[in-house]
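Work through these exercises with the model open beside you. Try each task before reading its solution.

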Amino acid sequence: NTKMSKGIATGLVETMAALYTRSLSRTLGKYGLRYEDLLIETPEVLTATQRLPKAELDARNMRWARAQDLNLKKKYLAPEEQEQARAEAFAPYLSPLVTRAAIESQEKVEWK
């Protein structure tokens, strides 16, 4: 009975996570943003953005500028652009650099 309860709970959590991911993907797609564009700017995230290749940093800045412009105008991207943005919404581009910056930060603390 306990195993069945855990299985039901796990299934419910997985279903809710999938629904949330789909909803977030739609919202990000409306503005052409990626999930990692919305990371809180911690010291590690700021370090990671400084390490991005220029082309990726420019693309990130353009996504932000476009999203702000669309929001100001109370508009969304065209449906075909939204579809493409949704396909790329969770593509990692910053997280490997954030992870590396966090490791370096922890190493600095440990060396002190």
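**Exercise 1. Is Trp-111 buried or exposed?**

Solution. Start by placing the residue. Trp-111 is found in helix H5, which covers residues 95-111. Next, take its relative accessible area, which is 77%. Exposed means over 50%. Therefore Trp-111 is exposed. Last, look at a distance. Ala-85 is 26 residues from Trp-111 in sequence, and their C-alpha atoms lie 42 Å apart in space.

**Exercise 2. State how confident the predictor is, and where its confidence is lowest and highest among the elements.**

Solution. This is a predicted model. Begin with the whole protein: its mean pLDDT is 95. A pLDDT of 70 or more is reached by 99% of the residues. Then go to the elements. Helix H1, residues 2-31, has the lowest mean pLDDT, at 91. Helix H3, residues 54-73, has the highest, at 98.

**Exercise 3. Describe the fold in terms of its elements and its overall dimensions.**

Solution. Count the elements: there are 5 helices and 0 strands. Read from the N terminus, their order is α-α-α-α-α. Now take the dimensions. The C-alpha trace spans about 55 × 50 × 20 Å along its principal axes. Compare with a globule. For 112 residues, a compact globule would have a radius of gyration near 13 Å, whereas this protein has 18 Å. Then turn to burial: 23% of the 112 residues count as buried. Finish with the contacts. Among those with a separation of 6 or more, 81% join residues 24 or more positions apart.

**Exercise 4. Which residues does Ser-25 touch, beyond those up to four places away in sequence?**

Solution. Locate Ser-25 in helix H1. Its relative accessible area is 12%. Buried means under 20%. So Ser-25 is buried. Its partners, with residues up to four places away left out, are Arg-86, Ala-89 and Phe-90.

Now approach from the other side. Arg-86 sits in helix H4. Leaving aside neighbours within four places, Arg-86 is in contact with Ser-25, Arg-26 and Gly-29. Its relative accessibility is 23%, so Arg-86 counts as partly exposed. For a distance, pick Thr-42. Arg-86 and Thr-42 are 44 residues apart in sequence and 25 Å apart from C-alpha to C-alpha.

**Exercise 5. Describe the accessible surface and the charges of the protein.**

Solution. Take the surface. The accessible area comes to about 8300 Å². Carbon and sulfur atoms hold 60% of that area. Then count the charges: 18 are positive and 15 are negative. Their mean positions are 5 Å apart.

Methods. Residues numbered from 1 in each chain as written. Predicted model: local features only at pLDDT ≥ 70, side-chain atom pairs only at ≥ 80, totals over all residues. Heavy atoms only, no water. pLDDT = per-residue confidence, 0-100. Helix = DSSP H or I, 4+ residues; strand = E, 2+ residues; numbered from the N terminus. Rg over C-alpha atoms; globule rule 2.2 N^0.38 Å. Buried < 20%, exposed > 50% of the residue type's maximum accessible area, 1.4 Å probe, protein only. Contact = heavy atoms within 4.5 Å. Areas by Shrake-Rupley, 256 points an atom, 1.4 Å probe, with all protein chains shown as cover. Lys, Arg positive; Asp, Glu negative; His and termini not counted. Charge placed at Lys NZ, Arg CZ, Asp CG, Glu CD.
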